[in-house]
Amino acid sequence: MSLIDSLPRVGAPKLPKVDGLIPWIVPLAIVLIWQLACVTGYVPSRVLPAPTDVALAGWKLLLSGELVRNIWVSFWRASIGFVIGGGIGFAFGLANGLSQLSAKLTDTTLQMVRNIPHLALIPLVILWFGIDESAKLFLVALGVFFPIYLNTLHGIRTVDPQLIEMGRIYGMTDGELFRRVIFPGALPSIFVGLRFALGIMWLTLIVAETIAASSGLGYMAMQAREFMLIDVVVLSILIYALLGKLADSASRALERLTLSWHPAFQKK
Amino acid sequence: MQEALRFQSVDAEPIDRADIVVQARQLRRGSEGATRGLSLTIRGLRKSFGDNEVLRGIDLHIPSGQFVAIVGRSGCGKSTLLRLVAGLDAPTAGSIAFGEQPRAQDVRVMFQEPRLLPWARVLSNVEVGLGRERSSADAQARAERALVEVGLGDKRGEWPAVLSGGQKQRVALARALVSQPRVLAFDEPLGALDALTRISMQQLLERVWRDQGFTAILVTHDVAEAVALADRVLVIEDGRIAQDVTIDLPRPRRRGSAELAALEGEILKHLLEGSEDTQ
Ligand SMILES: Nc1ncnc2c1ncn2[C@@H]1O[C@H](COP(=O)(O)OP(=O)(O)OP(=O)(O)O)[C@@H](O)[C@H]1O
Ligand SMILES: [Mg+2]
């Protein structure tokens, strides 16, 4: 969401039905032009297969069950890696945001580790885990850890100290203070971390699956490349995009639900 | 005018005529009012931040139920004094004693910023003010009553973000009032409001103070506000109480009346002289 988007609009009466369709005009036009370019032979099918060919390849893979199985494997890896890395990142973010001692003990170390691009660890990870499941999970978890950690920590540290003082004056216990002031105050920042993490999650998984895997979407794409099945390659890429979009939409829906108090999410 | 103006030396016995005025009013108000406000005695109060001696010996007695305004130049230590009274900071030396041992919800503060939780509806924000009694069965009913008291009964389900500045400050007032405090300290609560909203908020403050009979301590930079609302105006200078003026005018006071203007002028003159000395 751009900043401009979130600004309240002045005037501009809305046409509710048409409004929902507007975002789809451009993608549809692109697919249409793509199809035309392929049918007229302007783009040779060795370079880029027509959307209809991609759809057909998808249909065949769907019938054979291969598509669902690979999507499921990738989805499973993404979720488990995300839960592990995100969970640990969240826990460290909370601990270091709330406790000076914990922050002194671990923050510098974590900030140093952060400077290692996690994908640079792939050769090492393959040596450690082979092309086992744990290799992919490890990489995804590591990639997801930092955005969640950093944004949780930032969120907690930037909660308005005047509100915290108010909570103390009104006799909130530490638990209440966390539940009613600190956590809700940190939530917008935590969501920023969540959205970042989801992006990194897919990126890591794609790379890990194309390099070291024997199942999953990335593996399917690499196999297809060996057999020159370019329609399947394009299909895998599109599915990755779709899954990424889905994850993003889900996190946005959650955000709208929990941040309904935020002026940016209030609609008349 | 002469009647109304009474300067008092700082070292005088703390029991002064203001005590009698207040007691008389409380008799009129009835026995319930008389037990509400807590009296307050401050002795030799000092507060330093490092080398910066902000308060250099404050001696003060505030009788139960009195409305005291504190004025002084920016940075003279008004907020510091208020925070000490509210127990938010610890004094460097000296003591603050209440007439009775206050419970936590007996002393409340209101700040210049409303400090509402943006993620809680107006009513839950008021419920925060109940402190430990938040989970009692009548919590919601009490919060609703406090909201009605400040004239915002119909906003109970709104998010704070949609309220105007004055409305937010009224919610903050309801939150401070809901536990029926016996001492209410205000740190420039109206400082950020426009002139008209200020005046209606001042009237609201005066009304709830008269209804509930708490001891009110109002820090303000607006001398006109101080003389319009308070029984007594304290001027702080160089970390001490430089002037202690009893405002013995009947209520409700008419804004812009000659007596108020004269008192305001007197106090302002003193404040300005003080600032010339230091230049
Ligand atoms: N927590 C603190 N740490 C260090 N110095 C402080 C602290 N709080 C206040 N001071 C200092 O104490 C002095 C008095 O501050 P205070 O906030 O009480 O002034 P004030 O009279 O309320 O001023 P204003 O009218 O501008 O609100 C100032 O010089 C300020 O710098
Ligand atoms: Mg101040």
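Tutor: Over all chains, the structure holds 23 salt bridges, a salt bridge being a side-chain nitrogen of Lys or Arg within 4 Å of a carboxyl oxygen of Asp or Glu. The model is predicted, so local features need pLDDT of at least 70 and side-chain atom pairs count only at pLDDT 80 or more, while totals for chains, interfaces and linings use all residues. Side-chain values rest on heavy atoms, without hydrogens or water; residues are numbered from 1 along each chain as its sequence is written, and chains are lettered from A and ligands numbered from 1 in the order in which they are written.

Three salt bridges are found across the interface of chain A and chain B. Side chains of opposite charge can pair when their charged atoms come close. One such pair is B:Arg83 with A:Glu165, at 2.5 Å from N to O. A:Glu165 also meets the side chain of B:Arg115 in a salt bridge, at 2.6 Å from N to O. This second pair crosses from the loop between strand 5 (107-110) and helix 4 (122-128) of chain B, where B:Arg115 lies, to helix 8 of chain A, which holds A:Glu165. Helices (H or I, at least four residues) and strands (E, at least two) are DSSP runs numbered from the N terminus.

Nine residue pairs are in polar contact between chain A and chain B, both residues at pLDDT 80 or more. A polar contact is a pair of N or O atoms within 3.5 Å; within protein, one must be able to donate a hydrogen and the other to accept it, and residues adjacent in sequence count only if both atoms are side-chain atoms. On the side of chain A that touches chain B, helix 8 (161-169) and helix 9 (174-211) are the elements that give two or more residues. That side divides into nine nonpolar, six polar and three charged residues; Ala, Val, Leu, Ile, Met, Phe, Trp, Tyr, Cys and Pro count as nonpolar, Asp, Glu, Lys and Arg as charged, and the others, Gly among them, as polar.

In extent, 18 residues of chain A are in contact (heavy atoms within 4.5 Å) with 22 residues of chain B. The two chains bury about 1900 Å² between them, 60% of it on carbon and sulfur atoms. Buried area here is the accessible area (1.4 Å probe) that two parts lose on being put together, summed over both. A:Tyr170, A:Arg180 and A:Trp261 lose the most area in chain A, together 37% of what that side buries.

As for the setting, chain A has eleven helices and zero strands. Its C-alpha trace spans about 75 × 60 × 30 Å along the principal axes. In chain B, an open sheet of six strands has the order 5-6-7-3-8-9 with mixed pairing, where two strands pair if DSSP finds at least two bridges between them. Strand 5 and strand 9 (240-246) of chain B are its edge strands, each pairing on one side only. Strand 5 runs parallel to strand 6 (residues 183-187) of chain B, joined by four bridges, and B:Val109 stands opposite B:Ala185 in strand 6. Helix 6 (residues 165-177) of chain B packs on this sheet, touching strand 5 and strand 6, with its direction at about 175 degrees to that of strand 5. Axes are lines fitted to C-alpha atoms, for helices over the stretch in contact, and angles run from 0 to 180 degrees between N-to-C directions.
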